[in-house]
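Please look over the sequence and the model before reading on. The paragraphs that follow go from the chain as a whole to its nonpolar cores, then to one helix, and finally to ring pairs and charged pairs.

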Amino acid sequence: MLGFGVLIGLVILAVPVLIIVLLVGQSKLKERIERLEYKLQDLQLEKPHAQPVPRAAPPSSEPVPEPVAPAAEPIAPVLASRLPSADPVTSALPPSVNQNQPLVMRPDRVAALLEWVRVNWVYVISAVSLAFAGIFFVQYGMERGLLPPGLRVLAAMAFGAALIGAGEWLRRRHGDEGQTSTVHLPSVFSGAGLVSIFAAILAARQLYGLIGPEVAFAGHLLAAILAVVLGWFYGPLLVAVGLIGAALSPFIVSGGATAGAWLYAYFALIAAVGLAVDSWRRWAWVSVLALVLGYAGVVLVNFGGAGLPGLIAALLALVALALTIPVRRLLPDHAGNTVSQNLFSSRPSDWPSFPTRLAVGTVVASSVGLGLVAMQVHADAMLGFWALTILALALLLWAAGAEALRDAGFVPSAALLAALFVQPSSYPSLATGFAAQSIASRAPDLSAPLTVTLLLGMAGLISAAFAFASFRPGVFARVYALAAVLMAPLAAAVFELLWHPAPVLGAFPWALHIMAVAAGMVALATAYARRDGADHNRMAYATLSALALIALALFVVLTDTALTLSLAALVVVAAALDRRFRLPEMGIFMQIALAVTSYRLLVDPGLDWALRADLGTVMLAFVASIVACLAALWLLAPMARDQVKSVLESAAVALMAILANVLITRWLTPAGMPPHTATHWGATLNAMPWLVLMLVQAYRARLGCALQRLRQILASAAGVLAALGLATAAVLFNPLFGGAYDELARVIGPPILDSLALAYAIPAVILLLAGWKLPGLAVWARTLFLAVGAALLLLYTGLEIRRLWQGDWLGAPVVLQGELYSYTIAMMLIGAGLLYQAIARPSDLLRRMGMAVIAATVVKVFFWDAAGLTGLTRVASFAGLGLALAGLAWLNRWAGQRAIKG
């Protein structure tokens, strides 16, 4: 059973080694093909009368012979004589492989890889078997107790040294490349020996405790140096075997023990070894393999219980290694395009270099890992935030000379903001622990926690680093400036919206935090103004950020009315700044401030507050907002700010209409009663601002400026809202459908000038005047306005007649005789009025409409009124109807003949 388990373990552990070694073999085969292509180019140059063509120098250091005639030497001997030798100096030269290609594996390489798998699979099994022999030698000695622990370790190291010696003897005597029969065998033996040495040192530390972590790390460092030296001469197969074996050793010899924190440094060392070898030999995939093993190892060690602090340090260390070792510089100097620039370019030549892509990939991987740590539910999350801050600062300051890494600093910055956003959704977490220490919950002698203060300070440091980077010339200067004015303000906004610091810190101290960030933005705006001269774009960014932060601080500390007044004042300040410095970006702030102001006046605290609060306070809030809009319009009058002017104008008109609605509603509401908004007149009052806004935007759209389409969209949206309100007043809240003595359905006010006039007559007159006089309207819009206005006016007339006969409640189930007679008279007068207008215009349409009203009157009299008339009343009614119809018929005929003659 034990042997079967060992066999299964060998198969499982052999899979990753097999894959990597196959990649190595494929790379060697590709190298040979390219060298043969160089030799074939030499033969082509030897043809008579051939013109020399420029080409890259062959990878071999041999001189190119003089051209000779093709017949003077057979092709096969030429190729055989020019194959690379196994000399260590020659084989140490890096092959001519372009590792800046966007793809590592192409179809031709995949085909070569499959061929190598078919031919060389024996070497993989051999390397794995020898490596495990050294590892299990130590484990077997421990299980059987054959040797003392010290001798077991020394025996394993001796076994590894013997394998390395055998590999070196084979390489020097027979070679490791070309057509020799021993190809790959030196790498197999030496790689297995390295794995055995790594395993022996690990066993001395983890199993037997013979050495401390410092000595163990020093031993692994020496083994890593040996791997680098051997890999220089042997090729990528040895490096792959050594890296994979070293990465697997801790998990094989651990015996189920808890992972030690020093293993983080061990896996960082493995990554450093692979990067160091590849920094000279340029095999490309070796660096990827080393980093994959490093990241996988530190994650598994963390799962083994080694703790988060070591994981955080390892993630930062891996980034530092990936930024320095491939370029062999303590200060990264990656040149060329950035990854983000390549995303917006379709030219293959724009691909960043391989070290750049390797560094950016490492930054992304570590940022994701540190971001996940920062989202943790325990106290170590703060270490994750510190690590993200350090990483962002390092990329912006330490790696400032790397032109190709100019966009890398945005990755940890975004990860920090994402962690701040996610924290409140976890429990328990930093955010929930911070909220639990509110002023009302903690003891009086305890001070407020510094969690938010520290986190906002970290965001401020990153903003400062972006600001510092923005002073360097280049295409990223403006992007850095935008990031500088967004990082800390966005963090403050996330805190206010999700973390709610005011109950913990106090409203005023939290507002001081925000104002400190605003002060930094003001200082940055001043610096940009001094540096940029007439170009005020970056100054505008910082000014916008400062204004937004000031508004946020005011939101924290001020009451509803004071906050509205402050926002109105900021609108005027933004307009003044735009006029003084020509900052079109101020228009963005003005529009946002107006949207927030409108939200506060309509929603929170909204119309309910306006209908119940002190009248002076309500007037102050609305009048100040309207005056701010008008003042901003006056300041921007000589400037080309059409969009902002349109928003200011619309806001002023809409707020005026809303204020009028509020005042009328308060006037019509009885003292001591709640405001009646679910009434026929209340629904119309709510619709009136949108109706006015629709007409204003429709009037402004006729000017045909660049904002015509926007004004038409605003007019249509406002029209839909107004139509909904008017339909609600005419149908849902119609007093005719209200129950008897229903207070909400009662008509209030004196006859004629009552709530019916407010609900139906006033919007009817507005729509009729708009359809008649408003210029620039389409025919369909004009017809619609006239039709809806006429319908509302007819509704008002009918309901007003009923009120004269029925009183304040119109929902009575009966219709009085006099009421019917009044409807008939009103219809006759309407028909006569339409005929008069048909003559005055002249208009055949109005004449037909008038006759239609008269026909409806006749139908009403004969089929409805006659049923309730008796005696002389019936005689007088039909006599009057006959005379009136005769006169109207004559008038209609005369109008028709006049129209024909005209």
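A residue is called buried here when its relative accessible area is under 20%, exposed when that value is over 50%, and partly exposed in between. By this criterion, buried residues make up 47% of the 902 residues in the chain of this model, which is a predicted one. The chain has 34 helices and zero strands. Among its contacts with a separation of 6 or more, 72% are between residues 24 or more positions apart.

The largest nonpolar core holds 151 residues, and the members that touch the most others are L243, Y266, F385, L420, F495 and W499. Helix α9 (residues 262-281) gives this core its largest share, namely 13 residues. Apart from this core lies another, made of 35 residues, among them L691, M694, A730 and L810.

Helix α15 deserves a look of its own. This helix (residues 410-422) has 13 residues and reaches 18 Å from its first C-alpha to its last, close to the 18 Å expected at 1.5 Å a residue. Its buried residues are P412, S413, A415, L416, L417, A419 and L420. What covers these buried residues includes α13 (354-374), α14 (381-398), α17 (451-470) and α19 (487-499).

How many aromatic pairs does a search of the whole structure find? The search finds nine. In one of them, the ring centres of Y266 and F267 are 5.3 Å apart and the planes stand at 85°, so the pair is edge-to-face; both Y266 and F267 are buried. F434 and W499 form a tilted pair, with 6.4 Å from centre to centre and 55° between the planes. This pair links distant parts of the chain, since F434 lies in helix α16 (residues 430-435) and W499 in helix α19, 65 residues apart. F434 counts as buried because its relative accessibility is 1%, and W499 is buried with a relative accessible area of 2%. Elsewhere, ring pairs link F410, F466, F476 and Y480 into a cluster.

Charged side chains complete the picture. Side chains of opposite charge can pair when their charged atoms come close. The structure holds seven salt bridges. In one of them, the side chains of R641 and D578 meet at 2.9 Å, N to O. The pair links distant parts of the chain, with R641 in the loop between α26 (615-636) and α27 (642-668) and D578 in helix α23 (residues 560-581), 63 residues apart. Both R641 and D578 are buried. D532 forms a salt bridge with R538, the closest N and O atoms being 2.9 Å apart, and R538 counts as buried because its relative accessibility is 8%.

Is R803 buried or exposed? At 9% relative accessibility, R803 counts as buried, whereas its salt-bridge partner D808, with the closest N and O atoms 2.7 Å apart, counts as partly exposed because its relative accessibility is 26%. R803 and D808 also belong to a network of salt bridges that links them with R746 and D754.

How values were computed. Residues are numbered from 1 along each chain as its sequence is written. This is a predicted model: local features need pLDDT of at least 70, side-chain atom pairs count only at pLDDT 80 or more; totals for chains, interfaces and linings use all residues. Side-chain values use heavy atoms; hydrogens and water are left out. Helices (H or I, at least four residues) and strands (E, at least two) are DSSP runs, numbered from the N terminus. Buried means under 20% relative accessible area, exposed over 50%, partly exposed in between (1.4 Å probe, protein chains only). Contact means heavy atoms within 4.5 Å. A nonpolar core is a set of buried Ala, Val, Leu, Ile, Met, Phe, Trp, Tyr and Cys residues joined through side-chain atoms within 4.5 Å. A salt bridge is a side-chain nitrogen of Lys or Arg within 4 Å of a carboxyl oxygen of Asp or Glu. The expected span of a helix is 1.5 Å times one less than its number of residues. Rings of Phe, Tyr and Trp (its six-membered ring) pair if their centres lie within 6.5 Å; planes under 30 degrees apart count as stacked, over 60 as edge-to-face and the rest as tilted.
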